[in-house]
Amino acid sequence: MKRSTTQRRAPFPTLEPAEPPKQLSALETPTPVVDLDRLAHNLDRMASYCTLHGLALRPHVKTHKSPRIAADQIRLGAVGLTCATPRELEVMGDVSHDLLLAYPLVGAAKLARVMYIPHQVKLTVALDSSAALGQLAAASKVSQREVDVYVEVDLGMHRVGVQSPTDAVALAKQILQHPPLNYAGIAFYPGHVREHVKDQDANVERLRGDLGVYIAELDSAGVHPRVVSGGSTPTAWRMHEVPGVTEVRPGTYVYNDRTTAELGACGWEDCALTVLATVVSRAVPGQAVIDAGSKALGREPMRGVAGEGFGVVLDHPDVVVARMSEEHGILDLSTSDWNPQVGDQVRIIPNHVCVVVHLNDVIYGVRDSIVETSWVVAARGRTETEAAIES
Ligand SMILES: Cc1ncc(COP(=O)(O)O)c(C=O)c1O
């Protein structure tokens with residue numbers, strides 16, 4: 001039986017967080033906690049930067065996966081949101097009616113699910129192949145759904161994206177042949193720019209040059225990109241220096257993490273999310289064991305910058321999570337005179353915050369040692385919830 005759009009759409013999880021305890025010390029660990037002042041500062045800073053430079057902000061929701069944060073981003077001027085999964089689109093459609101899927105949309109199941117996103121949501125998809133375009137064209141025709149399309153171009157990340165301006169022109173022209181698809185522009189992701197912000201000049205210069213060539217060739221072929229969408233958190237503050245960019249898609253900036261701080265793209269004082277953990281053992285000399293292991297912190301190495309371990313202690317930056325089991329994190333105390341005791345709470349700045357968020361159902365919002373609020377990570381996972389369960 002064909003389901004209606006409303007039946008098919010996945011609701012937010014029914015799991016609403018219970019009234020949180022008032023004191024940080026009363027929270028069961030491990031759990032992610034967000035410093036609300038730091039979060040507000042991060043949101044404001046990016047919104048102000050984009051306003052100042054006339055860039056449209058379309059933040060990537062993969063970092064927070066939470067309607068509450070997305071609503072704040074929209075309130076502060078974001079033109080829409082960027083998503084990576086159908087689940088994120090489904091959840092974020094209630095927050096914004098302007099969503100970009102910045103991930104190749106390939107496969108009948110995913111296509112069908114995306115076509116069920118309510119039609120009042122303006123949907124844009126980035127793609128880099130005729131094959132993906134063919135699938136999207138067929139699906140959009142059947143469901144009579146307009147979809148804007150960006151041609152994804154590779155400017156050095158070497159992950160996805162067409163490999164030359166000629167290919168970009170060819171794909172743009174193909175899109176024009178497939179109404180109700182609309183050719184809207186191009187997208188790139190400068191995820192390869194991973195050096196310290198002080199050392200980004202050469203890579204930013206390369207982006208300027210390469211992007212300029214793409215735009216010039218598209219223009220002269222009569223397929224001007226109305227939107228040029230790029231941006232990551234480490235390069236966010238340089239995007240106004242790249243001519244042609246109209247839209248930016250940073251994600252990590254809302255919470256930041258150890259990698260972002262080490263790259264100099266934020267200060268340590270901008271790391272809003274920490275994993276609250278409890279010291280559960282001091283039996284082995286030179287170390288403390290906390291109850292946050294790989295299932296709380298993710299096993300993410302530092303990327304682009306040097307750094308041992310899987311996270312760093314908030315108030316003791318010389319102490320890292322050196323090793324992990326699933327539920328155990330081993331703090332290396334060998335170079336520190338800090339002497340935590342069993343039962344003490346510690347806060348860990350994770351290497352890569354997006355993965356930590358994805359491991360949790362609920363985030364607690366704190367100011368100092370007071371827990372003020374909590375919210376659901378509603379877009380985590382991939383489930384179609386009741387649609388999948390019922391059938
Ligand atoms: C396509 C795309 N756009 C934007 C972003 C956001 O970048 P960042 O996490 O550095 O903020 C990502 C991150 O993975 C991405 O894959």
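N256 is found in the loop between strand 9 (247-248) and helix 9 (258-262), where helices (H or I, at least four residues) and strands (E, at least two) are DSSP runs numbered from the N terminus. The structure is a predicted model, in which local features need pLDDT of at least 70 and side-chain atom pairs count only at pLDDT 80 or more, whereas totals for chains, interfaces and linings use all residues. Residues are numbered from 1 along each chain as its sequence is written.

Most residues other than glycine have a negative phi, and most peptide bonds are trans. N256, however, has a positive phi near 60°, and this residue is buried, with 25 other C-beta atoms within 10 Å; a residue is buried if 20 or more other C-beta atoms, placed from the backbone, lie within 10 Å of its own, exposed if 12 or fewer, and partly exposed in between. H158, in the loop between strand 6 and helix 7, also has a positive phi, of about 55°, but counts as exposed, with 10 C-beta neighbours inside 10 Å. A cis peptide bond with omega of about 10° joins P179 and P180, and P180 is found in the loop between helix 7 and strand 7.

Helix 7 itself comprises twelve residues (165-176), which at 1.5 Å a residue should span 16 Å, in agreement with the 17 Å between its end C-alpha atoms; the expected span is 1.5 Å times one less than the number of residues. Within helix 7, A168, V169, L171, A172 and I175 are buried, and what covers them includes helix 6 (130-142), strand 6 (147-152), strand 7 (181-187) and helix 8 (201-220).

The contact between them takes 23 residues from domain 1 and 21 residues from domain 2, two residues being in contact if their C-beta atoms, placed from the backbone, lie within 7 Å. On the side of domain 1 that touches domain 2, the largest share, six residues, comes from helix 2 (residues 36-53).

The protein as a whole has twelve helices and 17 strands. Its radius of gyration, taken over C-alpha atoms, with a globule rule of 2.2 Å times the number of residues to the power 0.38, is 22 Å, close to the 21 Å that the rule gives for 391 residues, so the protein is as compact as a globular protein of that length.
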